[in-house]
Amino acid sequence: MIPFTSYQNIEARSRGESPNQAIQYAFTTAGVAIFVTTFAIGLGVLVLLNSSWVPMQYVAKMLSSIVFVALILDLFLLPSILFAMERFWQSSRFRKLSKGL
């Protein structure tokens, strides 16, 4: 999540790109790394399913499902949240709130 937001906010937005272009840039640069590392961690945890200790099998099932759900949320929900927040940051209401601080 952190590489995605840093690519989206720091690099792409500093070049003056639109929010859509910044999110697309973040997908092409950080999205692959997020997918590969999450997939590797998830498969590594799935190895624990071969454990003879039954509680470890339950932990492996739960942890691997959590990791893969987090991947799906990172790739689909995070960009929409960032896009909505970008629209909020550009709104006049946010500017009024930030001036009051």
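# Helices and aromatic rings

User: At what relative accessibility does Phe35 count as partly exposed?
Analyst: In this predicted model, residues are called buried under 20% relative accessible area, exposed over 50% and partly exposed in between (1.4 Å probe, protein chains only). Phe35 therefore counts as partly exposed, its relative accessibility being 41%.

User: What is the average pLDDT of the protein chain?
Analyst: This is a predicted model in which local features need pLDDT of at least 70 and side-chain atom pairs count only at pLDDT 80 or more, while totals for chains, interfaces and linings use all residues. Residues are numbered from 1 along each chain as its sequence is written, and side-chain values use heavy atoms, leaving out hydrogens and water. The predictor's confidence in each residue is its pLDDT, from 0 to 100. Of the residues, 76% score at least 70, and the average for the protein chain is 80.

User: What pattern does the protein chain follow along the sequence?
Analyst: Helices (H or I, at least four residues) and strands (E, at least two) are DSSP runs, numbered from the N terminus. The protein chain has 4 helices and 0 strands. Read along the sequence, the pattern is α-α-α-α.

User: In which helix is confidence lowest in the protein chain?
Analyst: Confidence is highest in H3, with a mean of 86. The lowest mean, 61, belongs to the helix of residues 92-100, H4.

User: Where does H3 bend?
Analyst: H3 covers residues 54-90, and its 37 residues reach 52 Å from first C-alpha to last. That is close to the 54 Å expected at 1.5 Å a residue, the expected span being 1.5 Å times one less than the number of residues. A bend at a residue is the angle between axes fitted to the seven residues ending there and the seven starting there. In H3 this angle is about 40° at Asp74.

User: On which residue is the kink in H2 centred?
Analyst: H2 has several buried residues, including Gly31, Ile34 and Ala30. The kink in H2 is about 45° and is centred on Ala30.

User: What is the distance between the ring centres of Phe35 and Phe39?
Analyst: The structure holds 2 aromatic pairs. Rings of Phe, Tyr and Trp (its six-membered ring) pair if their centres lie within 6.5 Å; planes under 30 degrees apart count as stacked, over 60 as edge-to-face and the rest as tilted. The planes of Phe35 and Phe39 are at 15°, so the pair is stacked, with the centres apart by 5.7 Å.

User: Why are Phe35 and Phe39 separated by about one helical turn?
Analyst: An α-helix has 3.6 residues a turn, so residues three or four places apart point the same way. Phe35 and Phe39 are both in helix H2 (residues 19-46), and they are separated by about one turn because their spacing is 4 residues.

User: Which residues form one aromatic cluster?
Analyst: Phe39 is partly exposed, with a relative accessible area of 38%. The cluster is formed by Phe35, Phe39 and Phe68.

User: Which residues is Thr38 in contact with, leaving aside its neighbours within four places in sequence?
Analyst: Thr38 is found in helix H2 and counts as buried at 13% relative accessibility. Contact means heavy atoms within 4.5 Å. With those neighbours left aside, Thr38 is in contact with Val67, Phe68 and Leu71.

User: The backbone oxygen of which residue does the side chain of Thr38 reach?
Analyst: A polar contact is a pair of N or O atoms within 3.5 Å; within protein, one must be able to donate a hydrogen and the other to accept it, and residues adjacent in sequence count only if both atoms are side-chain atoms. At 2.8 Å, the side chain of Thr38 reaches the backbone oxygen of Ile34.

User: Which residues does Ser64 touch, not counting residues up to four places away in sequence?
Analyst: Ser64 is found in helix H3 and is buried, with a relative accessible area of 6%. Its side chain reaches the backbone oxygen of Lys61 at 3.2 Å. Beyond four places in sequence, Ser64 touches Gly42, Val45 and Leu46.

User: How far apart in space are Gly44 and Ala60, C-alpha to C-alpha?
Analyst: Gly44 lies in helix H2, whereas Ala60 is one of the buried residues of H3. Gly44 and Ala60 are 16 residues apart in sequence, and their C-alpha separation is 9.3 Å.

User: Which residues is Ser51 in contact with, leaving aside its neighbours within four places in sequence?
Analyst: Ser51 lies in the loop between H2 and H3. At 21% relative accessibility, Ser51 counts as partly exposed. Its contacts beyond four places in sequence are Met56 and Gln57.
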